Amino acid sequence: MKYQLTSEQISSKVAGETVILNHNKGAYYGLDEVGVLIWDTLEQGPQTIEALCEVVTNEYEVDPGDCQSDIDALLQELISEGLVETIQ
């Protein structure tokens with residue numbers, strides 16, 4: 001399974017931060033530093049959770065199991081907000 005950004009969102013860099021708008025909900029979102037790394041990677045195209053975890057573990061010292069669990073939680077939150085969707 002891969003994850004990709006939905007067409008319901010737009011994002012932009014503002015003063016060094018990534019600001020995300022779900023235009024259907026009219027809601028703005030912000031991400032922490034690791035969340036921005038994941039978002040930036042998803043902007044390059046659909047990604048597996050394993051690929052996202054590899055990007056994060058290459059940048060930060062984190063246990064791979066914890067990384068995958070944390071990324072899964074973030075992705076589920078982004079899916080619930082209509083910002084990310086799954087594809088085969």
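Me: What do buried, partly exposed and exposed mean for a residue?

Reply: Buried means under 20% relative accessible area, exposed means over 50%, and partly exposed lies in between (1.4 Å probe, protein chains only). The model is predicted: local features need pLDDT of at least 70, side-chain atom pairs count only at pLDDT 80 or more, and totals for chains, interfaces and linings use all residues. Residues are numbered from 1 along each chain as its sequence is written, and side-chain values use heavy atoms, with hydrogens and water left out.

Me: Is Q47 buried or exposed, and what does Q47 touch?

Reply: At 15% relative accessibility, Q47 counts as buried. Q47 is found in the loop between α1 and α2; helices (H or I, at least four residues) and strands (E, at least two) are DSSP runs, numbered from the N terminus. With contact taken as heavy atoms within 4.5 Å, Q47 touches M1, K2, Y3, T41, L42 and L52, not counting residues up to four places away in sequence. A polar atom of the Q47 side chain lies 3.5 Å from the backbone oxygen of T41.

Me: Which residues are buried in helix α2, and why do they lie on the same side?

Reply: An α-helix has 3.6 residues a turn, so residues three or four places apart point the same way. In α2 (residues 49-59), the residues I49, L52, C53 and V56 are buried. They cover an arc of only 100° around the axis, which puts them on the same side of α2; the arc is that of the directions from the helix axis to the C-beta atoms. What covers these buried residues includes β1 (2-5), α1 (33-43) and α3 (64-80).

Me: How many disulfides are counted?

Reply: A disulfide is a covalent bond between the sulfur atoms of two cysteines. With the criterion of a pair of cysteine sulfur atoms within 2.5 Å, the count comes to zero. C53 is buried, at a relative accessible area of 6%, and C67 is buried at 3%.

Me: How many salt bridges are there?

Reply: Side chains of opposite charge can pair when their charged atoms come close. Under the rule of a side-chain nitrogen of Lys or Arg within 4 Å of a carboxyl oxygen of Asp or Glu, the count comes to two. One joins the side chains of D40 and K13 (2.6 Å, N to O). This pair links distant parts of the chain, with D40 in helix α1 and K13 in strand β2 (residues 9-14), 27 residues apart. K25 forms a salt bridge with E81, the closest N and O atoms being 3.1 Å apart.

How values were computed. Polar contact = N/O pair within 3.5 Å; in protein donor to acceptor, adjacent residues only side chain to side chain.
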